[in-house]
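Thanks for coming. I have one model to show today, so please look at the screen.

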Amino acid sequence: MAYLTLQYSDNLEKYFDFEQICGSLRLIMLDQKIFPEAGVRVRAYPISSYSIADGHSENAFIDMILRIGVGRNEDQKLKTGEMLMMELENNVKKLLKTEYLALALEIIEIDSKFSWKTNPIHKRISAIKKYGKK
C-alpha cells in the first residue's frame, strides 16, 4: 500500500494542473520499485479555508502525506521522500521562486494489523501482466 494525499490551497488551481501533478508523482512512486502497482494511489484535494503565515492573500501551500505499509527500510523511505519532493518542486518551481508557496511531505507507516483493505485491482493487474488481457 502506498497512498499519497495532497492537500493544497485552492488559490493554486489557476497555476497548476493537479491531475498532471498526481500522475507525475504516481510515476515517481512506481519508479521506486518498492510499492505494488495496484496499491499506489495519488489524490489531491483543494482546501478553500486556510490562513497562512502573515495572512498575505498570495500565500499558498501543498501538503503531502504518504501513508505506506511497513516493510520498507529507512533508505527506501528517504529516497522515496526525496524523489517525491524533487518532483513536486520541479512541477511548481516557477511559483516556488515567488516566496509565497510552502511545500511539505510526511511519510507515515501503517501497521498492517490496524489496516483493512479489499482490492481486486491487484488480481486484475496480475492477470494483465500474465495473460495480456484488460
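Predicted model: local features only at pLDDT ≥ 70, side-chain atom pairs only at ≥ 80, totals over all residues.

Residues are numbered from 1 along each chain as its sequence is written, and side-chain values use heavy atoms, with hydrogens and water left out.

Helix 2 covers residues 74-91; helices here are DSSP runs of H or I, at least four residues, numbered from the N terminus. Its buried residues are Thr80, Gly81, Leu84, Met85, Glu87, Leu88 and Asn91. Buried means under 20% relative accessible area, exposed over 50%, partly exposed in between, with a 1.4 Å probe and protein chains only. The face turned away from the buried side carries exposed Glu74, Asp75 and Glu82.

Now the rings. There are 4 aromatic pairs. Rings of Phe, Tyr and Trp (its six-membered ring) pair if their centres lie within 6.5 Å; planes under 30 degrees apart are stacked, over 60 edge-to-face, the rest tilted. Tyrosine 15 and phenylalanine 16 are 6.2 Å apart at their ring centres with planes at 50 degrees, so this pair is tilted. Tyrosine 15 is partly exposed at 42%, whereas phenylalanine 16 is buried at 16%. Phenylalanine 16 also pairs edge-to-face with phenylalanine 18, at 85 degrees between the planes.

Technical notes:
Helix = DSSP H or I, 4+ residues; strand = E, 2+ residues; numbered from the N terminus. Expected span 1.5 Å × (residues − 1).
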